[in-house]
Amino acid sequence: MHDKYIYLKRNKYFVLEPEAKIKKRKLEYFEKYEFNKNIEFKNKIYGRINKEMIIKALANTLQITFEVTENCNLECKYCGYGNFYKGKTSIRNRRNLSIEYAKMFLDYMNVLWKSNFNFSYKKNVFISFYGGEPLLNTAFIIEIIQYVNNFNTIVPKFSMTTNALLLKKNIDILVKNKIHLLISLDGNKENNSYRIHKNQKESFNEVIENIDFVNNNFPEYFNEFIQFNSVLHNKNSVNKAFTYIFEKYKKTTTISELNTTGIEPSIKEEFWNTYVNLFENLNQSKDYKFIREKLFLNSPDINSTSKFLHQYTNNVYKTYLDFFKDAKAGIFLPTGTCIPFSRKVFITANGEIIQCEKISNTLPFGNITKEGVEIYFDKIIKKTNDTYDKLKKYCINCNRANNCNQCIFNLEINNSKIICNGYSPLKKSENSFDNFINPLLKERKLYKKILKKVYYE
Amino acid sequence: MNRWLFLDSYIEITFCHKEKKCLLYNTLDSKKYIFRNKEYEIIKKIYYREYSIKYFENNENKRFSDLIENNFLGGIIESKEKPFIFYPLINIQRNLKKFKKLSYRNEGANILENLFELIIFINGKKRTLLHEILNLIRAAEYSSITKVNLIIENYFFLKTEINELILTINNKLHCLMVIKIKYDEYTDLISESTLKGIKNYSIIVIIENDNFNADIFNEKNIRFVFKIYNKIDYNHFVSNLQNKKIEYDFELDIANCNIDFLKENVFLNKADILKMKVTKQDYDANKTLNKYFFGKLVIKNNKIYNRETKGKLITKLDENKELKEIVFDALINSNKWFLIRDRVKPCKTCVFKYICPPISDYEIKASRYNFCNIIN
C-alpha cells in the first residue's frame, strides 16, 4: 500500500506502520478487529441499474448543456473537432440546434421536475450553452433563456463556454441574464497563437480588447461571472498561462490538457509534439507552490489526493443519510460510473441526447425528433448492465472495487479484451497510494484544507 | 532523528477543559480511557498538533507512552519528520449549514432524501384534513422514508379516513407502517379487512391498566407498550409478564414520575456508558445531528411539526405547502433535528457526550438533558 502506512480497509483507516518492537502485537490486534472482516464487503458489488434510477437521475440532474451550434469563428489548431482527431467526433456540419427541439426537451424535463421523481426544492439547474462558438447563435440563447425563465419548477442558472470574440457585441445579453462565462485564453499573445481565425490570423488582440472592455465597463459582472480556461500545449506553460491571466485580470485559470483519445494516426507525431503533460509541467513551474495553491483542486495532484481522501478515508459523508446507513449492508453498483444523467445531460446540435461531452457521441442515450423526445432506457440499461457483467470478474478481484473512479463508457471493451487503467488485482502488492499520500506528506496543511473546504456537487 | 508520540487515526478525543479531563475512544475496539491533569495536557498538545508531538523520554512520559502503546491508542515513532496522521476530521458533502455560505451550492438539492419517517396522529380532535395528508404521502414516494407511524385514537369514528390512509401508505410507500393503538380499540382495528392485504406493517398495542384480556398475548406480530408512572406499576407489569413470550416496552409518564425511580431504572450509569459500543459512524453522527429526531415529521391536529415533543411548527396542512418545501423548512430553519449533547447543558461539558445516546423525547418532556448518574 504505502511504506509508511497500513490501510485498515474495512474501517477505512490509514495507520502508521508500527515500529519493529511492537509490530507483531499490533498486527495481531488489527487482525482481531479489522483484517479478518474484509471479504464479505467485496462481494456486494453486484448492483445493476434500472429505469427508475435513470428517471430519478434525469429529474434531479445538475446541468443541461445545449450544443447551440457546430459553427465556430475560430479554427484552433488543437480543437477537438479539428485535424488532430479522427472519426465521428471530428465531423462538423455547421448545424445549429433547433430551438423547437431544445424547447421540446425542456418541456420533457419540466414534466419530470413537476413529478415526484424530482426530490429537490428550488433547485439550481445550470442551462449551459456550448459550441462551436455559442455566441454565433444568440437567437437560440435568448429564446431558451426566456422560455426556461417561465418555469417555476427549478431555479435556472446560465453558463457558456466562449472564445470571447463576440463578447463586446453581446455583452447586454450576458449581463442581463447573469450568464456565467468560461473564456478560453491560453496566456499572452505568443501562448495564445494556436487560437487562430480561419484565415490563420491570430485572435489574441481582439479577444483581449473584448475582455478588457467587459472588465472596464462591467466590473461587477466580470468579477462574479467570468472564469478562464487555458489549454496547455508547447507554446505556453502552466506558469505562463497562469501568470498572464492572474497579473492582468487578478483571476486564476483552469488548465486543461489536449484530449489524447481519437488522434488521427497520420499526424500523431505532430500531436505529441504539441501535447504537454499538465502534472509534469506544473511541477517544473517557477512559482510552483504559489500556482498550485491558487489552482487548488485544478491542480492534478491535489485533485487526485482530494478524491482519494474522500473515497479511502472514513471522514467524508456524502449526505446526512450516510449516518443512518449500514455501510456494510446493501448492494453497490460496480465501477465509478455515474447513473446516466445524474450530473449532466448533453444535447448535440443534431438533437442527440448524450450523458456528457466526455463520452463519445457515438453512444447516444436518446434523441429529439419532430415526434418528440425519446430516451433509450432499454438500450442504456442493457449497455450498462452488460458492461458490469463483463467487468465482474475483474471487479471482484480488484483492490479498488469499493472506491472505483472508472467510468465504463471510457473503457476499451470488446469481446476478447478489456482495458481498465484502474484495475489493481487483489494479489498484487499495491503501492499505488504513494501518489495520493505523498502530496499530503509534502504539504501537511493540505489534509485539513481538503476536508474543510472541498464540497463536490 | 526525532522521536514522536502519536495517537492513531482511529482514536477520537473529547475534552472537558474545565475539569482538565479528556476521553480517548478507540473506535476499533470501543474501549474508553479517561485522562486527567498532566496526561490531559499532553493529549491536548497532541490534539492541537495534528495527533503527534516530539517525545522526550523520562519516567513520567515513559509510563504514559507505554499506556498509549499497550492499549493500541498510538505509539512512539522515530523519524526526522513529524509523522503525518490521518486524524479524524468530518466532512459532510451536503452540509446544508455550509451551503448557506457557498452561493453556488444548492440548499434544496435532493432535499427529500432527508425525510425518513412520518408520525401521523389521527385522533378526531379536529376534522382531519385527509386529502392534504394523502397528498403528502404521495409526494414522499421517492423520498428516503422507511417508516410511517399511525398513532390512532377514536378508530371507531374515524374508520373510513384511517382505512384510506392505510391503503395509500401501502400503495405509495415501500416502507414499514407501524400502527399504535390503545388496547380497547385494537379489536375494532384488527377485525377490519383493510389490514388483511397489507404486508409490511406492525401493531403496537398500548396497555394503560390491568383491564385487558391476556389472550391478546397469543396474537402474532404485536408489540405491547405498558404505560407506567412509578416503580409499583413497573414491578406489577414485570411480574405479570414473566414467562410470556411477547415483545414489550414501557412508556413512562415522565412529567409525573418520581425522580428516584428514574435514577434507579432509567438513568444511565457510568458502567452502562463504558459498556457501550459506538461505531465511528455513530460517533460522528452524535457530533452532527440527533439520530432520534432527524428526518422525522410529525402531523398532529392538522399541523406539521419537526419533533413529537415540544416540536416547532413547520406549517399547517391547510397552507398546502409542497412536501419538499416542508422538509426544506424543517431542515434549514430549525435546529431541532441537530439537537446534540454538545449544545445543551450539562452534557456539553461531559466527556461522554458523543458516546451517549442522542437526546430523547423523554429528556425534552422532562426538560433535563442528563438522564444519567454521571453529571448531576
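User: How many residues of chain B are in contact with chain A, and how many of chain A with chain B?

Analyst: The model is predicted. In it, 64 residues of chain B are in contact with 60 residues of chain A. Contact here requires heavy atoms within 4.5 Å.

User: What makes Lys21(A) and Glu69(B) a salt bridge?

Analyst: The closest N and O atoms of Lys21(A) and Glu69(B) are 3.6 Å apart. The cut-off is 4 Å between a side-chain nitrogen of Lys or Arg and a carboxyl oxygen of Asp or Glu, so the pair qualifies. Between chain B and chain A the count is 2 salt bridges. Residue pairs in polar contact between these chains number 33, both residues being at pLDDT 80 or more.

User: Which helix gives the largest share of the side of chain B that touches chain A?

Analyst: That is α10(B), with 6 residues. By residue type, this side of chain B divides into 29 nonpolar, 15 polar and 20 charged.

User: How is the size of the interface given, and what is the area buried between chain B and chain A?

Analyst: Interface size is often given as the accessible area lost when the parts come together. For chain B and chain A the buried area is about 5900 Å², with 57% from carbon and sulfur atoms. Phe84(B), Phe86(B) and Tyr142(B) supply 15% of the area that chain B buries against chain A, more than any other three residues.

User: Which residues have the most contacts inside the largest nonpolar core?

Analyst: They are Phe66(A) and Phe129(A), in a core of 166 residues. Helix α11 of chain B gives the most to this core, with 7 residues. Phe129(A) touches Phe66(A), and its other contacts include Val68(A), Phe140(A) and Phe158(A).

Note on methods:
Residues are numbered from 1 along each chain as its sequence is written. Chains are lettered from A and ligands numbered from 1 in the order in which they are written. This is a predicted model: local features need pLDDT of at least 70, side-chain atom pairs count only at pLDDT 80 or more; totals for chains, interfaces and linings use all residues. Side-chain values use heavy atoms; hydrogens and water are left out. A nonpolar core is a set of buried Ala, Val, Leu, Ile, Met, Phe, Trp, Tyr and Cys residues joined through side-chain atoms within 4.5 Å. Buried means under 20% relative accessible area, exposed over 50%, partly exposed in between (1.4 Å probe, protein chains only). Helices (H or I, at least four residues) and strands (E, at least two) are DSSP runs, numbered from the N terminus. Buried area is the accessible area (1.4 Å probe) that two parts lose on being put together, summed over both. A polar contact is a pair of N or O atoms within 3.5 Å; within protein, one must be able to donate a hydrogen and the other to accept it, and residues adjacent in sequence count only if both atoms are side-chain atoms. Ala, Val, Leu, Ile, Met, Phe, Trp, Tyr, Cys and Pro count as nonpolar, Asp, Glu, Lys and Arg as charged, and the others, Gly among them, as polar. Lists of a residue's contacts leave out its neighbours within four places in sequence.
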